[in-house]
Every structure is written in C-alpha cells, then in structure tokens.
Amino acid sequence: MERRLTAILAADVVGYSRLMGADEAGTLATLKSIRSDSIDAQIAQHQGRIVKLTGDGMLVEFASVVKAVACAVEIQRGMRDRNAKVPQDRRLEFRIGVNLGDVIVEGEDIYGEGVNVAARLESIAPPGGITVSESVHQQVGNRLEIVFEERGEQWLKNIEKPISAYNVLLEEPKSNARLAPGIDKPSIAVLPFTNMSGDPEQEYFSDGITEDIITDLSKISALSVIARNSSFTYKSKAVKMQTVAQELGAGFILEGSVRKAGARVRVTAQLIGGNDGTHIWAERFDRDLTDIFAIQDEITHAIVAQLKVKLLPQEKESIGRAATGNVEAYTFYLRGRDFLYRYSKRYFELARRMFAKAIELDRNYARAYAGIANCDAFLYISYQVDVSLEGILEMSARALALDSQLAEAHTARGVALFAASEFEEANVEFELALTLDPNSFEAHFLYARPAFMQGKIARAVELLERASEINPADYKPPALAIHMYRSLGRESDCKAAARKTVELAERELALQPEDPRPAVAGALALLELGEKDRAKDWTTRAQAIEDEDPITLYNIACVYSHLGEPDAAFDLLERVATNGRRLWREWIEKDSDLDAIRNHPRYQKILELIG
C-alpha cells in the first residue's frame with residue numbers, strides 16, 4: 001500500500017439535478033464545453049492530474065498545494081466571467097474544496113481521509129466559491145494574491161474531528177477584506193547567534209542553534225519568518241537593527257549569543273522591535289549541554305508569547321518534538337550541516353561523514369539520513385561522483401519513514417528519481433519539498449535543471465529566480481538562468497543575470513580560490529557581456545584549478561564553443577562523454593551554449609559516444 005502527501009481539489013456543479021431536469025442536453029453540452037475550453041487547460045497548466053470525473057464533478061491531484069489553490073481560483077474567476085451574461089437560473093456554477101492531506105494510492109486512484117476532507121469542504125463551499133482546510137491556508141499563506149476568510153471549526157459529515165475551514169475571497173480588494181489570522185501576521189528575522197566560545201571551530205554550533213530556532217519559528221503559521229539565507233548575510237557584521245529590519249522587511253529581530261564550554265552552554269537571546277530598536281524581551285540560559293533542546297524550545301515559546309500569536313495544536317506538537325535526544329549526535333549533525341552549506345566536493349564528503357557519525361549515535365535520526373541523501377545528491381549532480389542512485393533513494397526513504405515532513409529528504413529523492421529518468425515521480429517529490437519548505441534554496445535550485453531538461457523552461461526560470469531571492473549571494477542560480485532567459489527570448493534579463501553572475505562569482509573566487517566552478521561560470525557570463533578576453537583568462541584559471549571534473553570540463557567546452565574554437569570544445573566533450581551517463585546527451589542536445597558547434601562533423605560523434 002502506497003501513501004503520499006498530496007493536495008486534493010474536489011469540485012462539483014451547484015444544483016446539477018435542477019439544471020438537468022430543466023435542460024438535460026443543454027446542461028451536458030455546456031459542462032462538456034466548459035471542461036474542454038477552460039478547466040482541463042487550467043488543470044494542465046498548474047500541473048494537476050485528474051483522478052476521476054463524475055457526472056457533475058471531478059477529483060484532481062496536485063503535487064503543489066499553491067498550484068492547487070491557484071488553479072481553483074482561475075477556474076472560479078473564469079466561471080464568473082463566463083456567467084456574467086447568463087441568466088441566474090441557467091448559470092452553471094461550481095463549488096470547490098481543497099485539502100492537503102495523506103492519501104492511499106491504488107493504481108491511478110487515490111482515497112483516504114485526505115480525499116474525504118476535500119470532498120466535504122467542497123460540499124460547504126459557497127456557489128462559485130472555494131473552501132480550504134487549515135493545512136492549505138497555512139501552506140499558501142500570502143504566496144498568492146488572494147485573501148482568506150476564516151470560517152472557524154466545521155463538523156463535516158463522516159469526519160471524526162472538526163476541521164478549521166477558510167473561504168477564498170475572489171472579489172473583495174485586499175485592503176478592505178476581513179483578513180484571516182496569518183495574512184496580517186508579524187514578521188521576524190533571526191540573526192546568526194554570535195559564537196562566544198573563543199574557538200572559531202565552534203562557529204558551526206552557534207549557527208546550528210540559530211538555524212534550528214528559524215526552523216521552529218517557520219512552523220508557526222501565524223508568523224512570517226525571514227529565510228535563513230537572507231538572515232545569514234548579516235553574519236559577523238556590525239549592523240543597526242532598524243536598518244536590518246527595513247532591508248529584510250521584518251517587524252522584529254531576534255539576536256543572541258552562544259558560549260559552549262565542555263558540558264555547559266550559555267545562550268543569550270533578545271527580541272528587538274524593528275521600527276525603533278526597542279528591547280522587547282531578553283533572557284540568559286545557563287544550562288547543561290544536554291538541555292540545549294529545551295533552551296531552543298523556551299526561546300521559541302517566549303517569542304510566541306511576546307508577539308501574542310496563537311499556536312495550532314499540530315504546531316505545538318511539532319515544535320515540542322526534538323529531532324534527536326542525543327546531544328552528541330546533534331553536535332555531529334550540526335557540524336555536517338555546516339559543511340553541507342559550503343557547497344564543494346570536499347565539504348560534501350566531510351558532511352556525509354558527520355551525518356553518518358550522527359546516525360551511529362542515533363539510528364532514528366531522520367535529519368541525518370536526509371543529510372546523507374542530500375550530500376550524495378549534490379555529489380552526483382554537481383560533481384558526477386559515482387554515487388549509487390539506489391543509495392540516495394534508500395537514505396531518503398529512511399528519513400521519510402521517520403519524518404515524512406522533511407523537505408530535504410523529498411529534494412534528494414527527487415534528484416535520484418530524475419537521474420533514474422523517473423521524471424513524473426521526481427516532479428512530485430520536488431513539489432512536495434517546495435510545499436513543505438517554501439524557503440528551501442536546495443529544492444528550488446536542484447529542481448530547476450530537471451524542469452529545464454523536461455522542456456519546462458519558464459518553470460525552471462521561476463525556480464531559479466526564487467532560489468536567488470532566498471540566497472542572493474549565490475552565483476549559481478543566475479549563472480544557470482542565463483541561457484534559459486536566452487531560450488525564452490528575454491535578452492535584458494539574460495544580460496542582467498550575466499552581470500550578477502560575474503559580480504557574485506568574483507566574490508566567491510576570493511573566498512574559495514581552489515574552486516573552479518565560479519571561474520567557469522563567470523567566464524560564460526563574461527561571454528554573454530561580450531568580454532571575450534577576460535572570459536578566456538577566467539577559463540584558463542578554471543582549467544589550472546581543475547582538469548578532471550566532468551562538469552568543469554563541460555562548461556569550459558561551452559566557453560570554447562562561444563569563442564569559435566570547436567576542436568578545443570570537442571576534445572573536452574569527448575572526455576565528458578566517457579562518463580557514460582545518458583543525462584549528458586539530453587543536456588548537450590538542449591544547451592544553447594553549444595548552438596555554434598551543432599553542425600560540426602564531430603557533434604554527432606559525441607552523441608554516439610554517449611549512447
């Protein structure tokens with residue numbers, strides 16, 4: 001029996017029996033026309049799957065809850081426009097319910113309480129309206145230009161517990177609508193806690209505490225929490241709180257420090273108003289190291305109390321549940337996560353060892369399994385290391401068996417499934433990761449390449465743009481977006497991405513002079529800007545740093561393609577082709593950086609060499 005978390009849209013026609021009684025043939029013809037002209041296209045556009053059609057209704061599955069709601073809104077707005085000139089008694093209107101829940105999969109069908117709740121929400125939706133569950137409201141938040149109206153707890157037929165329901169308002173302007181909790185919610189940024197241990201090697205521990213506080217706060221639907229990558233741009237900087245608040249769009253700032261010494265830890269934290277810099281709350285915790293999880297929990301609950309936000313029952317449970325009870329395992333996990341964020345082959349391998357050590361100490365540590373799966377996914381995708389795809393799938397499966405809500409495990413699983421050419425299954429995993437963690441840089445960035453290779457170029461660009469918003473200091477998203485913009489004919493965006501890539505790659509080279517990737521990414525961007533001599537210099541530097549890595553060689557070949565040196569390009573592509581992975585062929589066939597050499601006699605031989 002297969003289970004999965006999915007977004008379910010249930011819809012049916014209001015007063016269908018009455019309409020059929022008045023004009024059976026006309027009603028059937030109208031319904032068929034609406035489906036073929038509008039609804040089916042909207043479902044396809046939002047990447048939904050029609051599970052079943054009934055006489056007057058349908059059940060549709062989406063991997064992304066945001067897309068499910070966006071599709072419902074477009075359907076209802078389209079129906080409203082269509083009905084504008086139709087007499088009231090002849091109008092064909094839908095009720096729609098949307099739920100995010102666990103379903104049982106049997107062939108092409110899905111069933112279970114997740115489906116049942118969607119169907120019951122549809123039954124209480126207003127004619128021409130949309131009603132959603134609390135889980136949908138929480139995940140969508142303010143990511144769509146819509147307003148939610150709270151309906152309170154609803155007792156639904158054959159559903160054991162009451163369901164908190166919300167209507168989607170399609171007509172009222174945002175400024176005048178009665179906002180549900182969470183729309184006008186307080187925003188908070190957590191700055192990196194200062195390492196006061198006197199040992200720079202302990203930096204990973206203070207950073208880890210910061211990130212886990214961010215993670216816990218992000219679980220609270222009544223709070224808007226600034227993403228980790230944005231907050232960490234202020235690390236080790238002397239900043240004015242009001243300036244940070246303005247730049248990040250945060251109403252409140254949490255800052256603090258961590259001192260770890262042997263078996264003791266001291267954590268200080270203070271909450272500051274973003275508008276005037278006033279201190280709202282402060283506390284110092286002197287505890288045994290084994291109390292670190294309790295300290296994090298106390299800080300989170302203190303913020304909740306000070307900002308007067310309401311925790312939902314599932315949020316209380318989620319925040320109070322520690323990922324591990326083993327402090328030593330947690331310490332190894334934090335060290336591994338610190339290495340993981342450095343994004344280089346050597347550090348991925350070090351991170352993997354730290355995660356493995358954490359698992360030795362706690363066999364039920366879901367996040368450590370997800371960490372290994374992520375390391376292997378990056379090593380496979382970014383460095384072509386001979387990693388077992390089955391191993392990635394196994395590690396991600398273990399993580400999800402222990403905690404099905406881990407976005408990083410779904411991301412790693414998506415990478416492995418894509419590499420195994422299981423494209424639809426991979427898309428589902430990536431979309432789930434984005435639903436569970438809308439601020440995940442890894443999910444957005446790693447999903448972009450598969451989306452592009454499936455011909456979904458606009459979607460790939462959207463993912464890369466969001467990745468750049470989450471982590472504006474990373475050169476990789478704009479670098480990858482350059483030729484995608486070119487493919488879409490967006491020349492001004494292409495040039496802007498190239499300029500941004502050069503700026504960020506230059507900064508990265510100064511920090512990581514042993515890494516060839518920023519040099520070759522910068523070289524391709526310089527070519528886009530017409531700076532051929534400088535691009536050649538950067539390429540020479542990249543080859544001097546690394547002359548074996550297949551991805552570096554491939555990108556240098558792209559530079560030579562642009563420079564009009566086809567033999568140099570093909571010499572490198574032949575070395576890449578011996579890697580033997582079929583995904584190289586698909587990428588080579590789609591990459592516009594190689595357009596200049598496609599008619600060369602050696603081009604076809606490269607494709608044949610890959611197979």
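Reply: A contact means heavy atoms within 4.5 Å. The model is a predicted one, in which local features need pLDDT of at least 70, side-chain atom pairs count only at pLDDT 80 or more, and totals for chains, interfaces and linings use all residues. Residues are numbered from 1 along each chain as its sequence is written, and side-chain values use heavy atoms, with hydrogens and water left out.

Me: Which residues does histidine 483 touch, not counting residues up to four places away in sequence?

Reply: Histidine 483 touches Phe452, Trp587, Asp591, Ser592 and Asp593, with residues up to four places away in sequence not counted. Histidine 483 is found in helix H19 (residues 476-487); a helix here is a DSSP run of H or I of at least four residues, and a strand is a run of E of at least two, both numbered from the N terminus.

Me: Why is histidine 483 called buried?

Reply: Buried means under 20% relative accessible area, exposed over 50%, and partly exposed in between, with a 1.4 Å probe and protein chains only. Histidine 483 has a relative accessible area of 5%, and is therefore buried.

Me: What makes strands S9 and S12 a pair?

Reply: Two strands pair if DSSP finds at least two bridges between them. S9 and strand S12 (residues 252-261) have three bridges, so they pair, in the parallel sense. In S12, phenylalanine 252 is the bridge partner of isoleucine 188. S9 is also joined by two bridges to strand S11 (residues 224-225), again in parallel, where serine 224 is the bridge partner of serine 187.

Me: Which way do the residues of S9 point?

Reply: From S9 (residues 187-190), Ser187 and Ala189 point one way and Ile188 and Val190 the other way, and all are buried. In a regular strand, side chains alternate between the two faces of the sheet.

Me: What makes a set of residues a nonpolar core?

Reply: The term denotes a set of buried Ala, Val, Leu, Ile, Met, Phe, Trp, Tyr and Cys residues joined through side-chain atoms within 4.5 Å. The largest nonpolar core has 149 residues, of which Leu254 and Ile299 touch the most other members. Its largest share, 13 residues, comes from helix H13 (residues 366-383). Apart from this core lies another, of 39 residues, among them Val13, Ala70, Ile96 and Leu144. Not counting residues up to four places away in sequence, leucine 254 touches residues including Ile188, Val190, Trp281 and Ile299.
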